[in-house]
Amino acid sequence: EAQRAGLLRYIGEEIDIPYVQAVAGLSLLPHRHVNIVYSPLHGAGQTSVLPALRAAGFAEIHLVEDQMSPDGAFPNVADHFPNPEIPAASERAMAFARDINADLGLTSDPDADRLGVFCKHVCDGSAEWVLLNGNQVGALLTDFILTTLREQGRLPQKGVVAKTLVTTDLVSRIAKSFGMLTVDHLLVGFKYIAEVIRDLPPDYEFVFGAEESLGYLRGTFVRDKDAASAAILIAEMAAELKTQGQTLVDHLNGL
């Protein structure tokens, strides 16, 4: 009925292409030599996360093929429950990553706004696969973004980092150590982080937002958590650490 009444309009490349270009434009470093396994868990990430990673120059991306088809029944996800916060949702991706000796694993939830992260980590001479939680990834990304901007001379004098109340205070402590203003007692829900962006005074700059349920945002053009931009940043971080003989777990332990 909406179509017949002219109330429904499909959007396509006129939105997709500028979006992917904008997300790829958030790249901070040139490092790209990292072997990635990716699964959209039968969701929409293949139309956002995957094109964004490719547009940003990541070539070593291996797909979990039996989880690529869009399917609301999520047939090839454990318990048909595609929540990347739950370890079982990443079982196939992690097994595949182990088989091909990948460096990094990424999974996105059905609407591709949240990003699951796991990585290979060598401990006592043997490789293990570690699934990171949202607090850990949020802290890693906060440190990576602020460290890189400072090294490039682009750290804003009045930068803002925002998080929800239930997200680790490590995010705030890292941000404050860089002189950032922190808005860290927000109610649960990324709309409250978007509200911070909307209401910022003109001389303040939003730098990063995070919530513990695997939601992250860099940039101000999406106004919601976004797995695509987070995927580029975490992949760049993993690639940079790889050049130093380190993993995300090593850096997390350092933090």
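Glu 240 is found in helix H7. Helices (H or I, at least four residues) and strands (E, at least two) are DSSP runs, numbered from the N terminus. The model is predicted: local features need pLDDT of at least 70, side-chain atom pairs count only at pLDDT 80 or more, and totals for chains, interfaces and linings use all residues. Residues are numbered from 1 along each chain as its sequence is written, and side-chain values use heavy atoms, with hydrogens and water left out.

Glu 240 is buried yet has no salt bridge. Buried means under 20% relative accessible area, exposed over 50%, and partly exposed in between (1.4 Å probe, protein chains only). A salt bridge requires a side-chain nitrogen of Lys or Arg within 4 Å of a carboxyl oxygen of Asp or Glu. For Glu 240, the nearest side chain of opposite charge is Arg 32, 10 Å away. Lys and Arg count as positive and Asp and Glu as negative; His and the chain ends are not counted. Leaving aside neighbours within four places in sequence, Glu 240 is in contact (heavy atoms within 4.5 Å) with Leu 29, His 31 and Phe 144.

Arg 32 does have a partner in helix H7. Its salt bridge is with Glu 236, and the closest N and O atoms are 3.0 Å apart. Arg 32 lies in the loop between helix H1 (13–24) and strand S1 (36–39) and Glu 236 in helix H7, so the pair ties together parts that are 204 residues apart in sequence. Arg 32 counts as buried because its relative accessibility is 17%. Glu 236 also counts as buried, at 0%.

A search of the whole structure finds 11 salt bridges. Side chains of opposite charge can pair when their charged atoms come close. Salt bridges that share partners join Glu 85, Asp 109 and Arg 114 into one network. Within it, the side chains of Arg 114 and Asp 109 meet at 3.2 Å, N to O. Both Arg 114 and Asp 109 are buried.

The largest pocket holds about 200 Å³ of space. On a 1 Å grid over the protein atoms alone, a pocket is an open set of points with protein on both sides within 12 Å along at least five of seven lines; lining residues have an atom within 4 Å of a point. Grid points are joined across faces, edges and corners, and a volume is the space filled by probe spheres set on the points. The lining has 14 residues, of which Asp 103, Lys 120, Lys 242, Gln 246 and Thr 247 lie nearest the pocket centre. Strand S4 (115–123), helix H7 (227–243) and helix H8 (248–254) each supply at least two lining residues. S4 gives the largest share, four residues.

Leu 131 is found in strand S5 (residues 126–132). Leu 131 is partly exposed, with a relative accessible area of 24%. Its contacts beyond four places in sequence include Pro 87, Met 94 and Phe 118. Ser 48 sits in the loop between S1 and helix H2 (49–55). Ser 48 is buried, with a relative accessible area of 11%.

Conventions: On a 1 Å grid over the protein atoms alone, a cavity is a set of points where a 1.4 Å probe fits but cannot get out, and a pocket is an open set with protein on both sides within 12 Å along at least five of seven lines; lining residues have an atom within 4 Å of a point.
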